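Colleague: Hi! Could you walk me through this one? I'm new to reading structures.

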Amino acid sequence: MSGSGGKAAPRERPGFEQARDELTELVKRLEAGGLTLEQSLQLWERGEQLATICEEWLEGARARMATALARQEDASDSPEAPF
């Protein structure tokens, strides 16, 4: 082990689809059973991380959509709009 106190190196933040797919596979493994308590806990913890990552991506997407819709509304209310 490296000198990191026994903890694994942090993983790079995956994209939404990658996190969602990994979470789906993780849930399947948990549902299949046959894991030790320690394995189940590790998978659960990773699942929590992945769920948080997915939620962050979705919140970012919602914010971008809200900004785009607000811009569209502002443009349509503007007297300088070409149409």
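Predicted model: local features only at pLDDT ≥ 70, side-chain atom pairs only at ≥ 80, totals over all residues.

Colleague: Got it. How many helices and strands does the protein chain have?

Modeller: The protein chain has 2 helices and 0 strands. The helices are α1 (16-32) and α2 (37-77).

Colleague: At what angle do α1 and α2 pack?

Modeller: The angle is about 150°, and the axes of the two helices are 9 Å apart. That makes α1 roughly antiparallel to α2, because an angle over 145 degrees counts as such.

Colleague: Nice. Is the crossing of α1 and α2 left-handed or right-handed?

Modeller: The crossing is left-handed.

Colleague: And which residues make the contact?

Modeller: On the α1 side they include Phe16, Ala19, Leu23 and Leu26. From α2, Leu43, Trp44, Leu50 and Trp57 are among them.

Colleague: How many residues of that contact are nonpolar, polar or charged?

Modeller: By class, there are 13 nonpolar, 2 polar and 4 charged residues where α1 meets α2.

Colleague: Switching topic: which residues make up the largest nonpolar core?

Modeller: That core has 6 residues: Ala19, Leu26, Leu43, Leu50, Ile53 and Cys54. Both α1 and α2 give two or more residues to this core.

Colleague: Which element gives the largest share?

Modeller: α2 does, with 4 residues.

Colleague: What percentage of the protein chain is buried?

Modeller: Buried residues make up 11% of the 83 residues in the protein chain.

Colleague: Where is arginine 13 found?

Modeller: Arginine 13 sits in the segment before α1. Arginine 13 and isoleucine 53 are 40 residues apart along the chain, and their C-alpha atoms are separated by 7.7 Å.

Colleague: What else does arginine 13 contact, again skipping neighbours within four places in sequence?

Modeller: Besides Ile53, arginine 13 is in contact with Glu56 and Trp57.

Colleague: Last one! Among contacts between residues at least 6 apart in sequence, what share joins residues at least 24 apart?

Modeller: In the protein chain, that share is 64%.

Technical notes:
Residues numbered from 1 in each chain as written. Heavy atoms only, no water. Core = buried A, V, L, I, M, F, W, Y, C linked by side-chain atoms within 4.5 Å. Buried < 20%, exposed > 50% of the residue type's maximum accessible area, 1.4 Å probe, protein only. Axes fitted to C-alpha atoms, helices over the stretch in contact; angles between N-to-C directions. Parallel < 35°, antiparallel > 145°, perpendicular 65-115°, else oblique. Left-handed = near helix turned anticlockwise from the far one by under 90°. Contact = heavy atoms within 4.5 Å. Nonpolar A, V, L, I, M, F, W, Y, C, P; charged D, E, K, R; others polar.
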